[in-house]
Amino acid sequence: MLMAHPAVLRGLIEEYETLRALQAENGGGEVRRRMDDLAYTLCVSTGTRDVDAALIAARHRLPGARPEDDSVLSA
């Protein structure tokens, strides 16, 4: 499997989370389409099929992540 560079993963995560906050506030169609694109890219980049799993997998690939660290899970 092709592995995305950690800098790319960090950018995807940050953009997705920013758009998720915007979606919660405004709910615009353009924001939703971009989120769908990012979700797809994150899934492909991490070898997962669901955006939540992709976000967790991407965070675990970032520098400083520890396999036993569950702080990447959202509360």
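H1 passes H3 in a left-handed crossing, left-handed meaning that the near helix is turned anticlockwise from the far one by less than a right angle. The model is predicted: local features need pLDDT of at least 70 and side-chain atom pairs pLDDT 80 or more, while totals for chains, interfaces and linings use all residues. Residues are numbered from 1 along each chain as its sequence is written, and side-chain values use heavy atoms, without hydrogens and water. Helices are DSSP runs (H or I, at least four residues) numbered from the N terminus.

**H1 and H3**

- The axes of H1 (residues 6–25) and H3 (residues 51–60) come within 10 Å and cross at roughly 140 degrees; axes are lines fitted to C-alpha atoms over the stretch in contact, with angles from 0 to 180 degrees between N-to-C directions.
- H1 and H3 are therefore oblique to each other, a class left over once angles under 35 degrees (roughly parallel), over 145 (roughly antiparallel) and 65 to 115 (roughly perpendicular) are set aside.
- Leu9, Ile13, Tyr16, Glu17 and Arg20 of H1 meet Val51, Asp52, Leu55, Ala58 and Arg59 of H3, contact being heavy atoms within 4.5 Å.
- The contact of H1 with H3 comprises 6 nonpolar, no polar and 4 charged residues (nonpolar: Ala, Val, Leu, Ile, Met, Phe, Trp, Tyr, Cys and Pro; charged: Asp, Glu, Lys and Arg; polar: the others, Gly among them).

**H1 and H2**

- H2 spans residues 29–46, and its axis comes within 10 Å of that of H1, crossing at roughly 150 degrees.
- H1 and H2 are therefore roughly antiparallel to each other, and their crossing is left-handed.
- Residues of H1 that meet H2 include Leu12, Leu19 and Gln23; among their counterparts in H2 are Met35, Leu38 and Thr46.
- The residues of this contact between H1 and H2 divide into 11 nonpolar, 4 polar and 4 charged.

Methods: Helix = DSSP H or I, 4+ residues; strand = E, 2+ residues; numbered from the N terminus.
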